[in-house]
Amino acid sequence: MSEKDGVSSFCDDLLQEVLAGTDDPDDGGFKVDQFTRLVADYLIDAGEIEDVNICFYKARGMQLNGYNVSQDEDCLDIFVSVFNQQTPPVTVTKAQCEAAFRQAETCLRKGLSGFHSTLEESSESYDAFQRIHELKDSLVSCRIFLLTDGVVSQGAFHLEESSGITVTLHVWDVARLYRLVSSGRKYEPIEINFYEEFGQNIPCLSLADPKLDYKGYLAVIPGDILAGIYEKYGARLLERNVRSFLQARGSVNKGIRKTILEEPHRFFAYNNGVSATADNIEFDKDNGYSISKIRNLQIVNGGQTTASLYYTAKKDKANLRGIFVQAKISVIPEEHLEHIVPLISRFANSQNKVNDADFYANDPFHIAIEGLSRTVWAPAVDGSSRQSKWFYERARGQYLDAKAREGTPARKRQFDATFPTRQKFTKTDLAKYENTWMQLPHIVSLGAQKNFNDFAIRLKGRGRVDTDTRYFEHLIAKAIIFSRADRIVRDQNFGGYKANIVTYTIAFISNHTSQRIDLDKIWKSQDISVALHNTIRDVSVAVHRVIVTPPNGKNVTEWCKRKECWEKIKDLNLSLDPALVHELIDISRGVNQIHGNQGLSAPNQHEQSLIDQVIAVQAGTWFQISKWSKETNNLQPWQRSLAFSLGKLISRSGSVSVKQAKYGVAILEEVSRLGFREHKSIDVDPCK
């Protein structure tokens with residue numbers, strides 16, 4: 001297939017994915033939002049951007065489709081979309097691109113000068129422009145991304161500095177996106193010519209051994225060059241795990257900044273330097289042994305050093321001349337990159353606790369979900385005998401790649417029937433479903449990537465997860481709830497904050513039903529009940545009222561990211577639909593006996609207090625906790641076993657050990673957080 005045909009086919013698939021994600025093909029506003037989200041997801045996976053907040057605003061001379069603020073609040077990304085909805089893709093002219101960039105730049109300029117005060121306070125666009133205005137004293141740079149399903153023939157675009165802020169322009173048309181996806185890479189290659197870009201090569205020592213499957217080099221990189229590379233390539237320069245670490249902890253290290261500002265001559269002595277990988281290096285051997293070009297440079301350790309050099313130079317106007325950074329560079333053959341680079345990153349960052357949360361899509365959990373998604377058939381519905389599957393896209397582009405491999409049109413139609421586009425979900429979708437169900441809507445509201453990072457940390461902290469068929473079916477049931485809730489909230493015409501309303505509404509229902517929604521029934525019917533539909537509709541109205549009335553006139557979007565917002569919504573006094581209550585799982589019956597060892601010790605005053613808290617809970621309640629946690633897949637297996645054992649002990653002797661009491665109180669706190677409520681308590685051992 002020629003590149004032209006490939007681009008056309010990719011454009012068609014992209015359009016179909018947009019239409020499948022909007023439900024309403026006549027709604028142009030939702031379609032451009034979906035397009036912006038889909039393209040942004042590719043850029044997030046490629047490391048081009050951290051995240052995106054979808055927000056559509058269009059007025060005379062202005063257009064905004066999305067934005068994102070860096071964690072240190074010194075870099076703003078603005079997204080403007082030119083969505084033509086045509087295949088084959090049409091040409092987007094130089095004039096169209098320049099007009100779109102001007103409209104986005106106007107949004108930046110007006111946003112900094114207080115444009116939000118002219119907008120309706122309850123609108124998402126008000127939040128976006130208010131957020132931009134809040135950055136007026138801290139913003140250093142702004143990147144404007146033009147996203148289009150057309151083909152841009154013009155090369156580079158440039159803008160002058162705007163109010164002292166460096167503005168760079170980036171074009172992602174369908175052809176560039178296709179090349180990224182079809183190359184098999186997860187990112188565009190970084191190619192650096194040191195002499196052309198920085199006026200000098202990088203001296204190094206070679207540790208190459210022809211017997212090894214990699215080559216090693218030690219180099220000394222001037223601080224201003226390392227900062228310059230980061231300025232040009234940003235987070236793309238950082239290997240994925242390092243990028244996630246920086247998102248979790250922040251980019252600038254105070255100690256590194258202090259050294260740059262106060263003792264720059266000692267930077268080389270104090271700093272551990274960076275570890276990096278590449279897939280090719282070219283040398284200038286005429287002037288000693290120095291690196292002239294490097295391809296696919298990825299920093300696997302030293303991300304904070306690199307980012308701190310850049311931000312300290314920009315924010316504090318620090319002079320980086322005289323600062324040097326030692327660098328260990330491993331050149332890995334391209335065929336080994338995907339396997340070896342993550343291992344180098346893991347071992348290089350072993351001192352960082354955050355690395356224990358494996359952010360990679362090749363974590364065993366995600367591989368298991370992917371395997372189940374290819375083998376588990378969803379039940380046929382609506383009287384049809386045709387079954388389908390839910391496609392888990394563990395890595396961005398897998399769905400389109402799998403479809404392209406089918407070859408003939410007939411086989412592609414069969415693929416579409418087996419894996420409908422509307423039944424595709426990504427790892428950030430999975431994290432959104434699970435964290436919402438675990439009643440963390442304020443975390444979900446942080447954005448797709450930050451929520452995924454949080455989910456990864458919690459996943460590791462939880463220990464082994466039984467990713468069996470039952471887990472997968474319940475996961476899909478949660479996906480169905482989310483999809484239906486999204487449509488219900490959209491039909492309410494609240495005027496904005498749909499994503500926040502959806503996650504908070506589902507979290508409220510999860511909490512107030514003690515997670516006893518019958519997920520098995522939803523899986524079997526591939527739909528939600530009328531009672532759950534009505535409950536979502538009614539709860540969303542109350543949730544909307546809380547969301548759009550933040551305390552002290554706070555930004556609504558930022559309010560949704562606060563735990564206080566969740567606490568206020570969780571405490572709403574709403575009655576659930578009686579029909580839904582009737583559908584809930586009955587956990588008042590006994591569970592299978594689980595044995596456990598008991599022990600006693602002489603408690604002190606604090607320990608006795610813990611014991612008193614545990615034995616004050618009726619035995620039947622402990623049995624219910626054990627059964628409820630198994631039915632809802634909450635708590636770890638040993639905690640479920642302990643809950644059952646505590647029920648047995650309390651029903652027979654009323655005695656528990658200090659250790660059991662300690663863990664028992666922790667169980668009570670966790671199930672209370674998740675909304676567990678007692679139902680028709682059993683006061684005797686259900687195994688009798």
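Ground rules next. This is a predicted model, so to speak: local features need pLDDT of at least 70 and side-chain atom pairs count only at pLDDT 80 or more, while totals for chains, interfaces and linings use all residues. Residues are numbered from 1 along each chain as its sequence is written, and side-chain values use heavy atoms, with hydrogens and water left out.

**Salt bridges**

I searched the whole structure and got 35 salt bridges, each being a side-chain nitrogen of Lys or Arg within 4 Å of a carboxyl oxygen of Asp or Glu. I looked up glutamate 134 and arginine 131, whose side chains meet at 3.2 Å, N to O. Both sit in helix α4 (residues 124-134), three residues apart, about one turn of the helix. Helices here are DSSP runs of H or I with at least four residues, strands are runs of E with at least two, and both are numbered from the N terminus. Arginine 131 is buried at 9% relative accessibility, whereas glutamate 134 is partly exposed at 41%.

Then I went to lysine 232 and glutamate 197, a salt bridge at 3.3 Å, N to O. Lysine 232 is in helix α7 (residues 223-233) and glutamate 197 in helix α6 (residues 194-198), so this pair ties together parts 35 residues apart in sequence. Glutamate 197 comes out partly exposed, at 31%.

Glutamate 434 and lysine 478 meet at 2.8 Å, N to O. Here helix α16 (residues 427-437) supplies the glutamate and helix α19 (residues 469-491) the lysine, so the pair ties together parts 44 residues apart in sequence. Glutamate 434 and lysine 478 are both buried. I also found a network joined by shared partners: Glu73, Arg131, Glu134, Glu558 and Lys561.

**Rings**

The whole-structure search gave 28 aromatic pairs. My cut-offs: ring centres of Phe, Tyr and Trp (its six-membered ring) within 6.5 Å, with planes under 30 degrees apart stacked, over 60 edge-to-face and the rest tilted. I checked phenylalanine 623 with phenylalanine 644, which is tilted at 5.1 Å centre to centre and 50° between the planes. Phenylalanine 623 lies in helix α27 (residues 619-631) and phenylalanine 644 in helix α28 (residues 637-652), so the pair ties together parts 21 residues apart in sequence. Phenylalanine 623 is buried at 2%, and phenylalanine 644 is buried at 0%.

Ring pairs also link Phe391, Tyr399, Phe415 and Phe419 into a cluster. Arginine 374 lies over the face of phenylalanine 391, 3.7 Å from the ring centre. The rule I used for that is NZ of Lys or CZ of Arg within 6 Å of the ring centre and within 35 degrees of the ring normal. Arginine 176 lies over the face of tryptophan 172, at 3.8 Å from the ring centre.

I noted a cis peptide bond between threonine 87 and proline 88, with omega about -5°. Proline 88 is in the loop between β3 (75-82) and β4 (91-92).

Serine 514 has a positive phi near 55° without being a glycine, and glutamine 515, also not a glycine, has a positive phi of about 60°. Serine 514 is in the loop between α20 (498-512) and α21 (519-525), and glutamine 515 is found in the loop between α20 and α21. Serine 514 is buried at 1%, and glutamine 515 is buried at 1%.

Terms used:
Buried means under 20% relative accessible area, exposed over 50%, partly exposed in between (1.4 Å probe, protein chains only).
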